[in-house]
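Below is a short briefing on one protein model. Please look through the structure first; the notes that follow are grouped by topic.

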Amino acid sequence: MEGPTPVSALIHAATMVTAGVFLLLRTHPIWGSSPLVVLVIAILGATTAFFGATVGLVQNDIKKVIAYSTCSQLGYMVFAIGVGAYNLSLFHLFNHAFFKALLFLSAGSVIHAIIDEQDLRKMGALIRQQPTTYTSILIGSLALMGTPFLTGFYSKDGIIEIAYGSYNIEGTLGHWLLCLSAGFTGFYSLRLLFAVFLADSQGNRQVLTLAHEPK
């Protein structure tokens, strides 16, 4: 799904990748009465959230870090469907659309400013040249991490609480995997912020010093 960041923002926020979640929500009266199907959906959702978060930890491409966080958040939505929390799944889908679009568009601002460079290892110290972009990514990352009083907190915490209160195998498994995923999300989000904006310059200093906000 390589493409310009505005396209990535649209794909990951509102179309295609979330279409499967919406389809599950719309068709739950058909499969919702089957305990086996519900169990499989819940386990797949929890393991997907965990897998996406672990892969995001080791990515060095700024867009891939954000993309794998989408994979992880989709796991939260699918798990919520598997435990019957359809309203929370849809709530997280809407919340995720806003802060993920913000993250991708802000990443596009960074990539454009440093002549199409996407490698986190070749960035650094951009907070001086791009304070507005830094603020945007900071807000989006805090929402993604589930920081209290931001949108991501209310939906993610609700899903984790539902998992904790399910008192069954998939609920207990989901609770631990989602909690670990939330911790990994915080780690790779802060890693991205530090590598791009706060760490010492690692790439071409001439390019980095000429970086600017989009016009």
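This is a predicted model: local features need pLDDT of at least 70, side-chain atom pairs count only at pLDDT 80 or more; totals for chains, interfaces and linings use all residues.

- A disulfide is a covalent bond between the sulfur atoms of two cysteines.
- The structure has zero disulfides.
- Cys179 is partly exposed, at 31% relative accessibility.
- Cys71 is also in the partly exposed class, with a relative accessible area of 24%.

**Overall fold and dimensions**

- The protein has nine helices and zero strands.
- Read from the N terminus, the order of elements is α-α-α-α-α-α-α-α-α.
- The radius of gyration is 18 Å, close to the 17 Å given by the globule rule for 215 residues, so the protein is as compact as a globular protein of that length.
- The C-alpha trace spans about 60 × 30 × 30 Å along its principal axes.

**Burial, surface and contacts**

- Buried residues make up 50% of the 215 in the protein.
- Among contacts with a separation of 6 or more, 78% link residues 24 or more positions apart.

**Nonpolar surface patch**

- Which residues form a nonpolar patch on the surface? They are Phe22, Leu90, Phe94 and Phe98, and together they have about 440 Å² of accessible area.
- Helix α5, residues 86-113, contributes the largest share of the patch, with three residues.
- Phe94 is located in helix α5, and its relative accessible area of 49% makes it partly exposed.
- Patch membership requires over 30% relative accessible area, and Phe94 has 49%.

- Thr47 is part of helix α3, which covers residues 35-57.
- Is Thr47 buried or partly exposed? Its relative accessibility is 33%, so Thr47 counts as partly exposed.
- Between Thr47 and Asn168 there are 121 residues of sequence separation, and the C-alpha to C-alpha distance is 16 Å.

Terms used. Residues are numbered from 1 along each chain as its sequence is written. Side-chain values use heavy atoms; hydrogens and water are left out. Patches are made of residues with over 30% relative accessible area and no salt bridge: like charges are joined within 9 Å, nonpolar side chains (Val, Leu, Ile, Met, Phe, Trp, Tyr) within 5 Å. Accessible areas come from the Shrake-Rupley method with a 1.4 Å probe; for residues, only the protein chains shown count as cover. A salt bridge is a side-chain nitrogen of Lys or Arg within 4 Å of a carboxyl oxygen of Asp or Glu. Helices (H or I, at least four residues) and strands (E, at least two) are DSSP runs, numbered from the N terminus. Buried means under 20% relative accessible area, exposed over 50%, partly exposed in between (1.4 Å probe, protein chains only). A disulfide is a pair of cysteine sulfur atoms within 2.5 Å. The radius of gyration is taken over C-alpha atoms; the globule rule is 2.2 Å times the number of residues to the power 0.38. Contact means heavy atoms within 4.5 Å.
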